[in-house]
Amino acid sequence: MTNGQAHADDPDRERLRRWRLVLGGDPADGTGCALSGRDAAMDGALTALYGKGDRPRTGRDRAAGLGASAPSVARWLGDIRTYFPSSVVQVMQRDAIDRLGLATLLLEPEMLEAVEADVHLVGTLLSLNKAMPETTRQTARAVVRKVVEDLEKRLATRTRATLTGALDRSARVSRPRHHDIDWNRTIAANLKHYLPQYRTVVPERLIGYGRAAQSVKKEVVLCIDQSGSMAASVVHASVFGAVLASMRSISTRLVVFDTAVVDLTDQLDDPVDVLFGTQLGGGTDINRALAYCQSRITRPAETVVVLISDLYEGGIRAEMLKRVAAMKASGVQFVALLALSDEGAPAYDREHAAALAALGAPAFACTPDLFPEVMAAAIEKRPLPVPDATA
């Protein structure tokens, strides 16, 4: 039985135990609670990451521990996976990389095999891509592929279903030819005209699709800022790009940019290749990226451009806004996302966001779960589901 289980029947002791683990055992924490067994080991793992460098050590305390030593970090990674749930492990790994400067240790294959893979780890690996030795690259690709495949399982089915419905609705015609009638929707829309004496429905309104139902209906351009702060957005956008590219009715282009612009459309069949084709960090030239995207648009009325950026523009601000206005005037549906991640709105340029909103293109943070709805609204040319918190 663990200490936590032993204290579970005593709410006051359990509360003290939790506060002791949070506060770290300094004399001033006021809990007076001693830890042993598994709790002491958990406390050691927490102290190794969050403890003060000048606090007294005990025999079980590993506050001296992580440093830059690969063996001690590997042991610590094993400990936290033993004592904490996966969601907590991912947060602690992220903090270890940020607080203790452990990113370079991820260049060692043994370390990569020990970590819990998640979107943030992928972002770190991508930022280290250019410094990664060949001996580590295959392991890194395997880690990235696992995260990508998990994201695809979570997102792909719903995205395809939502966008297929939006494409069908956007292509619907009110006077279809007989062989183009969608009988299921026609019957559903006309049930009030059912004649019981004839056991039939007399349709007042036919619903169907044009002859080009199997051709490309919409063109989507994903324009992704690859500055360092956008790492999680780059990962999610690459996965969504691959999902969109797998849909025959959508022509998808994926463009990443910093001060240069790189078109990764020909790699969309494998989002891992897309991710390793990015280069996180550097400056930002949104205007140049939008100029490239604009030059590739051939059917503006059937095109959706999605800019994913924190809007810190290093290029020509006035030209960027003119370009967005011109695209919208030509019929392009323009979507501006400050982030495509589960982390909420990042720091962003509020002046540029306000300027885009004035052009009818509100900029907002979007979670991966909301993204299919945002794209469906853009495809159907209806108002975007802008979250209230970032409207």
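Reply: Gladly! Let's start with a strand pair: strand β9 (residues 333-340) and β10 run parallel to each other and are joined by four bridges. Two strands pair if DSSP finds at least two bridges between them, and the strands (E, at least two residues) and helices (H or I, at least four) are DSSP runs numbered from the N terminus. Facing each other across this pair are leucine 337 and phenylalanine 364, the latter in β10.

Me: Before we go on, what kind of model is this?

Reply: This is a predicted model, in which local features need pLDDT of at least 70 and side-chain atom pairs count only at pLDDT 80 or more, while totals for chains, interfaces and linings use all residues. Residues are numbered from 1 along each chain as its sequence is written, and side-chain values use heavy atoms, with hydrogens and water left out.

Me: Are the faces of β10 covered or open?

Reply: For this we use burial: buried means under 20% relative accessible area, exposed over 50%, and partly exposed in between (1.4 Å probe, protein chains only). Strand β10 (residues 363-366) is covered on both faces, with Ala363 and Ala365 buried on one side and Phe364 and Cys366 buried on the other.

Me: What is the strand order of the sheet?

Reply: The six strands form an open sheet in the order β7-β6-β5-β8-β9-β10, and the pairing is mixed. At the edges are β7 (261-263) and β10, each pairing on one side only. From one strand to the next, the twist averages 25 degrees. Further in, strand β5 (residues 218-225) pairs with β8 in the parallel sense over six bridges, and leucine 222 has valine 306 of β8 as its bridge partner.

Me: How do I describe two packed helices?

Reply: Two packed helices are described by the angle between their axes and the distance between the axes. Axes are lines fitted to C-alpha atoms, for helices over the stretch in contact, and angles run from 0 to 180 degrees between N-to-C directions. In this model, helix α7 (residues 119-127) packs against helix α10 (residues 231-245) at about 105 degrees, with the axes 8 Å apart. That makes α7 roughly perpendicular to α10 (65 to 115 degrees; under 35 is roughly parallel, over 145 roughly antiparallel and the rest oblique).

Me: Which residues make that contact?

Reply: Contact means heavy atoms within 4.5 Å. Val119, Val122, Gly123 and Leu126 of α7 meet Ala231, Ala232, Val235 and His236 of α10. Alanine 231 also touches Leu280, and it counts as buried at 13% relative accessibility.

Note on methods: Lists of a residue's contacts leave out its neighbours within four places in sequence.
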